[in-house]
Amino acid sequence: MKQRTCVTCGGRVHTPKREGAVRELAVRLSRPATYPAIYRLLHSLSVCASCLESLPFIGEEICRQCGRDMRAERYISEGRCRDCVREADEPLQGNRSLLRYDQDGKSMLSLFKYRGDERLADYYGTLLAIAAFRFYTLSGFACIAAVPLHARRLQERGFNQADLLAARLGRATGIPVQPLLRRTKETEKLSKQWGRASRQESMREAFSWDERAVLPGGGACVGSDSRGDDHRNLTKQIAAGIGFLLGSWFSLRSAISHESPANTASPSNHRKTLPALPPKILLVDDIYTTGSTLRSCARTLRAHLGPVCKIYSLTIYR
C-alpha cells in the first residue's frame, strides 16, 4: 500500500504516534454519540501526528452566536462576543467553526482557493465534517447549501471551494446538498475590504434565490434553458417545496399539541406536549470573518422560506 504523505509538512502520515493522537483528539472533540464518526474522520485525514496535534482547534469557550474562540476574549452579554451584541438584525441562528484562522491556515487556504490544490479539497471537507459532528445534531437538517461564487469569479477560479466542501459534507452526513442561492452582485474580495461596515455594505443584496432550487417534496428540477410553461411549472414546484416544509411543520406542531376529550377529563391523564422543530438549513463556507457573507445568504433564504425556517452556518475557520 502506498504510504500517504502529510498535506501540511510532506512527512509520513502513518506512524506509531499518530494512533494515540487521533484517539486523544477524538475524545476531546466528540460526545459519546459522535465519537465513532469523529474518530473515523480524524483517522482519514492526510495529516501526520505532529501536524494534527498542532491544528488550532477552537475550544469549548465560544460565543454562543458566532462560534468565536473566547478563551482570550471577554463575553459582553448572554454569552455573546462584542461583534454579535452589535448585530441588531441577526438572520442566522448560529455559526460554528472548527479552527482559529492563523497564518498557517491562511497559507493553506490560499493554496486551496487560488491555486487549485485538489489534495486539499478532501482535507478541508473532512475538517468541515468533523465540525458538523462536533457542534450540531445533524438529523434535523433538511439540506446543506453552499455559499455561491459570482459567475465571473467562478470562471476565473474554475471551481467554487464551498461547493466541494458541501459535497464532502453531504457524503459524510447523508444530508442532501441543494443549490439554493445565486450570487448576483460581484464584490471585491473581503480580504481587501477594510472595516466591518464596509464588508456589510458590500454584501447587501448580493444573493438571490436559485431558480434550480427544489426542496424536499417539491418535485424534479427543470433545466435552466426552459421557457414559458416550463418556467411556470418550476415556480409551482418551488412553491410546493416550500409549502411542503412549512405545512409539515405546522401540521406536526398542531398534531403533537392536540389533546382529545379523554385526555382533558383528568389532569393526571394530560398528554405531554412535545416541541415540534421547524425546518433547518445548513449554510457552508470556508471561513467566517465578520459573518457578512453568511448573513446576506441567510437573509435571502429567509425572505423566500419565511421566518419559520432556521438557518445555521458552518465553516472551517473562524
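Is Cys-84 buried or exposed? In this predicted model, Cys-84 counts as buried because its relative accessibility is 4%, and the cut-off for that class is under 20%.

**View 1. Cys-84 and its contacts.** Cys-84 is part of helix H4, which spans residues 82-86. Leaving aside residues up to four places away in sequence, Cys-84 touches Cys-63, Gln-65, Cys-66 and Arg-295. With a relative accessibility of 4%, Cys-84 is a buried residue.

**View 2. The largest cavity.** Rolling a probe the size of a water molecule over the atoms shows where empty space is left. Searching the whole structure gives 2 cavities of 30 Å³ or more. The largest cavity holds about 40 Å³ of space. Its lining consists of Leu-149, His-150, Arg-153, Arg-183, Glu-186 and Thr-187. By class, this lining has 3 charged, 2 polar and 1 nonpolar residues.

**View 3. The second largest pocket.** This pocket has a volume of about 400 Å³. Its lining is made up of 20 residues, and those nearest the centre of the pocket are Pro-148, Leu-181, Arg-182, Asp-210 and Arg-212. Two or more lining residues come from each of strand S2 (141-146), helix H7 (151-157) and strand S3 (181-183). Strand S3 gives the largest share of the lining, 3 residues. The classes in the lining of the second largest pocket are 10 nonpolar, 6 charged and 4 polar residues.

**View 4. Strands S1 and S6.** S1 is joined by 5 bridges to strand S6, residues 310-317, and the two strands run parallel. Which residue of S6 is the bridge partner of Leu-99? The partner of Leu-99 is Tyr-317. In a regular strand the side chains alternate between the two faces of the sheet.

Methods. Residues numbered from 1 in each chain as written. Predicted model: local features only at pLDDT ≥ 70, side-chain atom pairs only at ≥ 80, totals over all residues. Heavy atoms only, no water. Helix = DSSP H or I, 4+ residues; strand = E, 2+ residues; numbered from the N terminus. Buried < 20%, exposed > 50% of the residue type's maximum accessible area, 1.4 Å probe, protein only. Contact = heavy atoms within 4.5 Å. 1 Å grid on protein atoms, 1.4 Å probe; cavity = no way out; pocket = protein on both sides within 12 Å on 5 of 7 lines; lining within 4 Å. Points joined across faces, edges and corners; volume = space filled by probe spheres on them. Nonpolar A, V, L, I, M, F, W, Y, C, P; charged D, E, K, R; others polar. Pairing = 2+ DSSP bridges.
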